[in-house]
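I opened a new notebook page for this structure. The entries below record what I looked up, in the order I looked.

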Amino acid sequence: MRGMRNILVTGGAGFIGSNFVHYMLEKYPDYRVVVLDKLTYAGNLDNLRDLEQEPRYHFVHGDICDIERVEQVMREYAIDTIVNFAAESHVDRSLMEPGAFIQTDVVGPDVLLESARKFGVERYHQVSTDEVYGEILEGRARETDRLHTRSPYSASKAGGDLMCLAYFTSFGVPVTITRGSNNIGPYQYPEKVVPLFITNAIDDIPLPVYGDGSQMRDYQYVLDHCEGIDVVLHRGQPGEIYNLGTGVEVCNLYMAQLILQLLGKPQSLIRFVADRPGHDRRYALDCSKIQSLGWRSRHTFEEALEKTVRWYVDNPWWWRKIKSGEHYRAYYARQYGSRLQE
Ligand code: NAD
Ligand code: DAU
């Protein structure tokens, strides 16, 4: 892309977004990155605090659903590229309060797309998820497969994807979509299973494994995911969708056992608890399309997990603040209180 210089990263204070901001500023010395983030419970300026003195980085507090705010940012920073990470992202929370998911994950992309159309951007990239295919009991999902969403989270994300494709077809907005598998790595909010299990294990607190722990996920290192998005931004075709994962799945029980082993903690910390309603048993992606652009995952699951465990061991300042906060404690009690007592 010739004209890409001023990138708007929405949701850039979250887990993957903040990793992407670091990745892009480091890789492209002539790019400027503007983060627009609402700073929900999952948004955290600690994720970006080492960039405070970086002149090519700017932070704007705001909601992607607020069209005036979005247009103000587009104008002020002469934005030519939008990468949308902003979302309500946790499946368990979508089972508690679906409304926020519909707002941010469906209405949000619509507002951004409208702005992308008005300002004539070089690219609008939507960061989507493998969950839109629903559970894949056999084989691997391809980009052309039908969507079969089963949670309010995945249904909302599918709605966002469909709005993107509609803006490409109807108005010619140069849209690309990546559908990523589970990410792990630094700065992931400890509601998601891997940082939850690591930080619980460090403190000798039980690891709540849903059901029998046989569900399969493709856990990829977050910087591999960021690199895949970068490849699609620069080499992907407008109007196209790209699956983005390692193509290797592991079961949750193995993941929990490996975390305990890496930390030298007893396997007896594992607790089997009541399952997530509608729990998708397996996600699996066919990633040959993005591989044909030259992208490859750089980490195996074991390498990614080991790096992730090391980061949480080395950075208790980051997660202890979150876990001791009122919001997290209330969420934990609501989600796990009765489960762990049963
Ligand atoms: P996250 O929950 O860590 O971060 C989301 C960020 O979006 C937060 O900074 C939050 O403050 C911000 N945000 C929420 N609502 C907003 C709004 N209305 N306006 C502006 N900002 C808002 O999420 P994540 O895990 O980093 O996921 C990022 C994106 O990647 C999401 O779109 C998610 O669906 C997708 N994804 C995540 C994974 C994963 O494993 N985490 C895998 C595939 C795809
Ligand atoms: O697949 C991509 C998706 O991965 C992203 O789109 C989502 O934003 C992201 O949250 C993630 O969704 P999952 O539902 O797969 O992630 P989560 O970390 O919540 O759960 C991973 C697996 O671990 C899943 O099978 C449920 C299980 N689990 C989860 C939690 C929180 C447990 O067994 N115990 C738990 O306490």
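**Entry 1: the sheet**

I began with one residue pair and found that Ile82 has Tyr124 of β5 as its bridge partner. Strand names here follow DSSP runs numbered from the N terminus (helices are H or I with at least four residues, strands are E with at least two). I noted that this is a predicted model, in which local features need pLDDT of at least 70 and side-chain atom pairs count only at pLDDT 80 or more, while totals for chains, interfaces and linings use all residues. Residues are numbered from 1 along each chain as its sequence is written, chains are lettered from A and ligands numbered from 1 in the order in which they are written, and side-chain values use heavy atoms, with hydrogens and water left out.

I then checked the two strands: β4 (residues 81–84) and β5 pair in the parallel sense over four bridges. To count as a pair, two strands need at least two bridges found by DSSP. Strands of a sheet pair through backbone hydrogen bonds, either parallel or antiparallel.

Next I looked up the strand order, which is β3-β2-β1-β4-β5-β6-β11, seven strands in an open sheet with parallel pairing. At the edges stand β3 (57–61) and β11 (241–244), each with a single partner strand, so one side of each has no neighbour in the sheet. On average, neighbouring strands of this sheet are turned by 20 degrees against each other, direction ignored.

**Entry 2: helices across the sheet**

Helix α2 (residues 67–76) lies across β1 (6–10), β2 (32–37), β3 and β4, and runs at about 170 degrees to β2. Helix α4 (residues 99–119) lies across β1, β4, β5 and β6 (175–180), at about 165 degrees to β5. Axes are lines fitted to C-alpha atoms, for helices over the stretch in contact, and angles run from 0 to 180 degrees between N-to-C directions.

**Entry 3: ligand 1**

I listed polar contacts (pairs of N or O atoms within 3.5 Å). An N or O atom in the side chain of Tyr153 is 2.6 Å from an oxygen atom of ligand 1, and one in the side chain of Asp63 is 2.8 Å from a nitrogen atom of ligand 1. The protein covers 97% of the 830 Å² of accessible area that ligand 1 has on its own (Shrake-Rupley method, 1.4 Å probe).

**Entry 4: ligand 2**

I found 27 residues around ligand 2, the closest being Thr129, Asp130, Tyr153, Arg276 and Tyr336. An N or O atom in the side chain of Tyr153 lies 2.6 Å from an oxygen atom of ligand 2. A backbone N or O atom of Tyr210 is 2.9 Å from an oxygen atom of this ligand. The protein covers 94% of the 690 Å² of accessible area that ligand 2 has on its own.

**Entry 5: Leu263**

Last, I looked up Leu263, which is in helix α8 (residues 252–263). Beyond its neighbours within four places in sequence, Leu263 is in contact with Ile198, Ala201, Ile202, Val309 and Val313.

Technical notes. Polar contact = N/O pair within 3.5 Å; in protein donor to acceptor, adjacent residues only side chain to side chain. Contact = heavy atoms within 4.5 Å. Near = heavy atom within 4 Å.
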